[in-house]
Amino acid sequence: MITIDRDQALRIAVRAQLLDAYRPESLVAMVDHLTLLQIDPTAAIAPNVDLVSWSRLGVGYDHSDLRFALEEERSLVEHSSYVRPMDDIGLVLATASDRLHPSALGWIDANAGFRADVIGLLAAEGPLTAAEVPDTAQVPWKSSGWTNDKNVDRMLELLCRTGDVAISGRRGKLRTWDVPERVYPADLDIPSYDEARVLLDARRLASLGIARSTSKVQGEEIGAAGLGEPVVVDGIDGEWRVDADALAAIDDPFEPRTALLSPHDRLVYDRDRALALFDFEYVLEMYKPAAKRRWGYFALPILHGDRLVGKLDAKADRKAGVLRVFAVHEDFPWEPEIGDAVDAEVEALATWLGCEVVRG
């Protein structure tokens, strides 16, 4: 069993997530390496897709770059709750069963007529928003949550997962739907489940660098799925898995920088991994009452070099043209150089947003 020290583990994780001094050459190259961007509508500062992209690409990134890649170039594609490389869509469709509960498949089967109506309408008139698709469900979708009485939304989402429809773009904030033949490549190859699963798992581990052998968040595998080289991290209990290429490059020079991260950033998305490796405790507190928040509504984790060192509590007011900084939480007393680097990154964030920093 290979043993690595904690500093080596942290640098593997940071470098794999493109958060060292290296900047990807393009948005598409960045997403291809990270494998996905999680779509989340919360925009207290900026949507997750934009925050993650800015934190890697810098001030030159613009949301129009993402829209061009999705709708014009078609090098990226929106699928379910993620932006993915178009080159991966065959792998995603091949593993659709991982993202489809049997009850959902049963509901589709019970609504064969509704399913046919949706696909037929999109083939004839697509792309369309969900509001432009009539609800002809024979059996309503049953839910105790936000999906009650949203038969069209659920059918479109589930048919996207099965590969029968595709997201073609956005009209404002609304997704537009179409048949896959007009969105996905004509020569789309869908491999076997086993082949696709291994390839996706290997790509995820390469994007993480180091992970537990298996780890899940809300049913999604976010660990190594048993792939990679088994290692022991000195001072941390348990076995870890490291991407083979990352392990081979373990002694390469590490060039640090400071970065402000989205709460959904994959460096911190696995909260247990962040705590074990980085000794970084984090909870997204937007669903907590204000009086019970420790760090803020949408606090951004702060990376300095190979350490997660604190949280930024801030909110962008685009109309007023200000980035309001309510607090900067230090996980430990910072040396002046950390404070200066974080201040500079806050200013860079404000510049990218087209805002001025207002503190307090």
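Reader: What makes Leu70 part of a helix, and which helix is it?

Author: Happy to start there! In this predicted model, Leu70 falls within helix α4, which covers residues 63-72.

Reader: Why is Leu70 called buried?

Author: Its relative accessible area is 14%.

Reader: Which residues is Leu70 in contact with, leaving aside its neighbours within four places in sequence?

Author: They are Leu76, Val77, Glu78 and Val83. To count as a contact, heavy atoms must lie within 4.5 Å.

Reader: And how far is Leu70 from Arg170?

Author: Along the chain they are 100 residues apart, yet their C-alpha atoms are separated by 9.4 Å.

Reader: How do you know that the radius of gyration of the protein chain agrees with a compact globule?

Author: Let's set one value against the other. A compact globule of 360 residues would have a radius of gyration near 21 Å, and the protein chain has 22 Å, so the two agree. The C-alpha atoms fill a box of roughly 65 × 55 × 40 Å along the principal axes.

Reader: What can you say about contacts across the whole chain?

Author: Take contacts between residues at least 6 apart in sequence: 63% of them join residues at least 24 apart.

Reader: How many helices and strands does the protein chain have?

Author: There are 12 helices and 16 strands, and α4, the helix with Leu70, is one of the helices.

Terms used:
Residues numbered from 1 in each chain as written. Predicted model: local features only at pLDDT ≥ 70, side-chain atom pairs only at ≥ 80, totals over all residues. Heavy atoms only, no water. Helix = DSSP H or I, 4+ residues; strand = E, 2+ residues; numbered from the N terminus. Rg over C-alpha atoms; globule rule 2.2 N^0.38 Å. Buried < 20%, exposed > 50% of the residue type's maximum accessible area, 1.4 Å probe, protein only.
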